[in-house]
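Keep the sequence and the 3D view open side by side.

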Amino acid sequence: ETLDKGLEKSKTSFFNKLSKAVAGKSKVDDDVLDNLEEILVTSDVGVNTTLKIIERIEARVSKDKYLGTSELNDILREEIAGLLSETNVGEATEFSIPTAKKPHVIMVVGVNGVGKTTTIGKMAYQFKKKGLNVVLGAADTFRAAAIDQLQVWADRVEVPIVKQAMGSDPASVAFDTLQSAVNQNADVVIIDTAGRLHNKVNLMNELTKVKRVMQKVVDDAPHDVLLVLDGSTGQNAFEQAKQFTAATEVSSLAVTKLDGTAKGGVVIGISDQFQIPVKYIGVGEGIEDLQVFNKFEFVDSFFK
Ligand code: GDP
């Protein structure tokens with residue numbers, strides 16, 4: 001239900017365009033395919049992924065000889081699901097938090113404004129609801145606002161937070177956070193880091209240092225690196241994904257603000273292009289508005 005609500009704008013926009021493209025046509029022909037290509041690109045599916053989808057539909061048209069425009073919806077659903085199932089990306093599931101070995105450390109990266117803090121707050125809420133003990137670390141120390149915002153979420157969810165003054169060393173905050181988590185026997189640590197894309201070398205150095213210092217406390221930390229991307233920024237999200245994956249090993253993605261955009265297709269493009277599973281999607285500002293992403297449910301819900 002929240003998924004449907006979160007995708008409303010994207011669906012309305014997509015199906016309005018699609019119905020214009022097929023108006024007065026009973027058959028899927030070259031014209032319809034050209035229009036469909038444009039609609040997919042303007043929905044931020046990305047050019048590469050769009051071309052793959054169009055190719056699959058063309059192959060179907062030539063095989064089936066006749067495809068009615070009324071079937072286009074079902075065909076799109078089938079072909080996009082087919083395409084996504086071919087990528088190496090495994091089905092994303094919730095973070096599995098091993099109880100035998102504590103704490104499980106999740107390092108969260110992403111530029112300011114994408115919804116990083118909000119996503120961390122929503123995740124902490126979900127973990128806590130499951131009975132897990134969560135500790136937050138405010139290692140995005142460049143802006144005072146980032147630390148304050150995380151504190152607001154820590155208060156809302158009622159989980160402990162470790163922080164230092166603005167401008168302090170992110171690695172030092174991460175170290176303190178892990179130590180505090182070990183002392184409290186916490187299950188999950190979520191570390192907020194790197195809010196700016198200065199230059200690639202600095203970013204890489206900062207993240208490498210944070211990791212190295214964390215490993216002094218928990219030898220295989222971080223267990224997950226989650227990159228948060230703003231789904232309403234289209235090609236910028238693709239660009240940020242490129243930069244962060246070049247700077248550090250990203251194990252999963254969160255794509256936020258899908259409720260506020262008509263370009264939800266970005267999730268399909270990102271799933272296809274980066275060999276990293278989309279773990280979460282953000283579909284609102286509320287504490288409950290974070291969903292574990294399932295690509296097949298997403299496609300089903302979109303083309304329903
Ligand atoms: P950060 O700078 O990356 O930590 O970004 P914040 O978490 O502070 O979020 C920036 C703004 O985006 C805030 O106003 C959030 O409420 C909003 N936001 C975050 N996630 C979502 C989402 O999924 N949907 C909507 N509509 N707004 C979101």
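## A pair of strands, then the fold

Leu253 has its bridge partner in S7, and that partner is Val278. Ala254 also has a partner in S7, namely Tyr280. This is a predicted model.

Step back to the two strands themselves. Strand S6 covers residues 252-256 and is joined to S7 by three bridges. The two strands run parallel. S7 spans residues 278-282.

Eight strands form an open sheet in the order S3-S2-S4-S1-S5-S6-S7-S8. The pairing is mixed. Which strands stand at the edges? They are S3, residues 161-162, and S8, residues 290-292. Each has a single partner strand, so one side of each is left without a neighbour in the sheet. In the sheet order, S7 sits between S6 and S8.

Next, the protein as a whole. It has eleven helices and eight strands. Its radius of gyration is 21 Å, close to the 19 Å that the globule rule gives for 304 residues, so the protein is as compact as a globular protein of that length. Along the principal axes, the C-alpha atoms fill a box of roughly 65 × 40 × 35 Å. Of the 304 residues, 54% count as buried. Take the contacts between residues at least 6 apart in sequence: 75% of them join residues at least 24 apart.

The surface and the charges come next. The accessible surface comes to about 13100 Å², and carbon and sulfur atoms account for 48% of it. There are 35 positive and 42 negative side chains. The centres of these two sets lie 3 Å apart.

Val228 lies in strand S5. Is Val228 buried or exposed? Val228 is buried, with a relative accessible area of 0%. Leaving out residues up to four places away in sequence, Val228 touches Val108, Val109, Gly110, Val114, Gly115, Lys116, Thr119, Ala254 and Thr256. Ala254 is the residue whose bridge partner in S7 is Tyr280. Ile281 is 53 residues from Val228 along the chain, and their C-alpha atoms are separated by 9.4 Å.

Val218 is buried, at 7% relative accessible area. What does Val218 contact beyond its neighbours within four places in sequence? The contacts are Pro103, Leu178, Val182 and His223. Val105 is 113 residues away from Val218 in sequence, yet the two lie 8.5 Å apart in space, C-alpha to C-alpha.

The last stop is another loop. Ser43 is found between helix H2, residues 30-42, and helix H3, residues 47-64. Ser43 is buried too, with a relative accessible area of 5%.

Methods. Residues are numbered from 1 along each chain as its sequence is written. This is a predicted model: local features need pLDDT of at least 70, side-chain atom pairs count only at pLDDT 80 or more; totals for chains, interfaces and linings use all residues. Side-chain values use heavy atoms; hydrogens and water are left out. Helices (H or I, at least four residues) and strands (E, at least two) are DSSP runs, numbered from the N terminus. The radius of gyration is taken over C-alpha atoms; the globule rule is 2.2 Å times the number of residues to the power 0.38. Buried means under 20% relative accessible area, exposed over 50%, partly exposed in between (1.4 Å probe, protein chains only). Contact means heavy atoms within 4.5 Å. Accessible areas come from the Shrake-Rupley method with a 1.4 Å probe; for residues, only the protein chains shown count as cover. Lys and Arg count as positive and Asp and Glu as negative; His and the chain ends are not counted. The place of a charge is taken as NZ of Lys, CZ of Arg, CG of Asp or CD of Glu. Two strands pair if DSSP finds at least two bridges between them.
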